[in-house]
Amino acid sequence: MGMSVTISAATEADTEQILKLQYLCYQSEAQLYGDYSIEPLTQSLDSVRAELTGGTVLVARLGDEVVASVRGTLGADGTARIDKLIVHPRMQRHGLGGRLLCAVESALGTAGTAKRFELFSGHRSEHNLRLYRKHGYTPVATKRVDDRLTVVTLAKDAEAGALATSV
């Protein structure tokens with residue numbers, strides 16, 4: 001019998017596994033854009049620890065192994081920003097990213113505090129963009145960073161998030 005993946009709040013003990021997984025997961029993004037200096041590949045362990053205390057960080061575990069993670073923060077204006085949704089390459093294309101996205105929306109939207117969800121992706125990251133569109137996100141802005149990268153910001157109303165998590 002196989003183990004099932006569980007989603008829960010990250011703990012301090014998860015910090016190193018999250019950073020290692022992030023490094024692994026962002027290799028393909030770095031290759032896609034020809035830039036290995038992107039923030040997820042240069043982020044420090046202390047910076048990840050600070051994110052744990054300053055926002056919502058969820059992990060998906062397969063046994064004791066962290067196989068996916070996502071981070072989110074809620075601004076004073078009610079905008080929940082979702083960041084660094086990562087899934088181990090061997091676990092991709094099985095719905096885990098969508099489950100984690102719904103879980104962080106639920107955590108950030110508890111008690112109706114989030115009015116809107118926002119996230120971003122690079123314009124060439126078609127798998128990411130497809131996942132976000134499938135979960136109700138629509139492009140609201142683009143920003144050209146350089147010749148290689150345009151960042152696409154996607155958003156949806158929190159009510160749409162609540163409907164998606166109840167389906």
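Visitor: Which elements each supply at least two residues of the lining of the second largest pocket?
Guide: Happy to start there, with the note that this is a predicted model. The second largest pocket holds about 220 Å³ of space, and 16 residues line it. Those that lie nearest its centre are Thr-73, Arg-81, Ile-82, Asp-83 and Phe-120. At least two lining residues each come from helix H4 (45–54), strand E2 (56–62), strand E3 (65–74), E4, E5 and strand E7 (150–157).

Visitor: Now for the largest pocket: which element gives the largest share of its lining?
Guide: This pocket has about 1,200 Å³ of space, and 46 residues line it, with Glu-29, Leu-85, Ser-125, Asn-128 and Tyr-132 closest to its centre. Among the elements that give two or more residues are helix H1 (15–25), helix H5 (96–109) and helix H6 (126–134). The lining divides into 22 nonpolar, 12 polar and 12 charged residues. The largest share, 7 residues, comes from H6.

Visitor: Tyr-132 and Tyr-137 form an aromatic pair; is it stacked or edge-to-face?
Guide: The count of aromatic pairs comes to 1, and both Tyr-132 and Tyr-137 are buried. Their ring centres lie 6.3 Å apart, with 65° between the planes. Planes over 60 degrees apart count as edge-to-face, so the pair is edge-to-face.

Notes:
Residues numbered from 1 in each chain as written. Predicted model: local features only at pLDDT ≥ 70, side-chain atom pairs only at ≥ 80, totals over all residues. Heavy atoms only, no water. 1 Å grid on protein atoms, 1.4 Å probe; cavity = no way out; pocket = protein on both sides within 12 Å on 5 of 7 lines; lining within 4 Å. Points joined across faces, edges and corners; volume = space filled by probe spheres on them. Helix = DSSP H or I, 4+ residues; strand = E, 2+ residues; numbered from the N terminus. Nonpolar A, V, L, I, M, F, W, Y, C, P; charged D, E, K, R; others polar. Phe/Tyr/Trp six-rings, centres within 6.5 Å; stacked < 30°, edge-to-face > 60°. Buried < 20%, exposed > 50% of the residue type's maximum accessible area, 1.4 Å probe, protein only.
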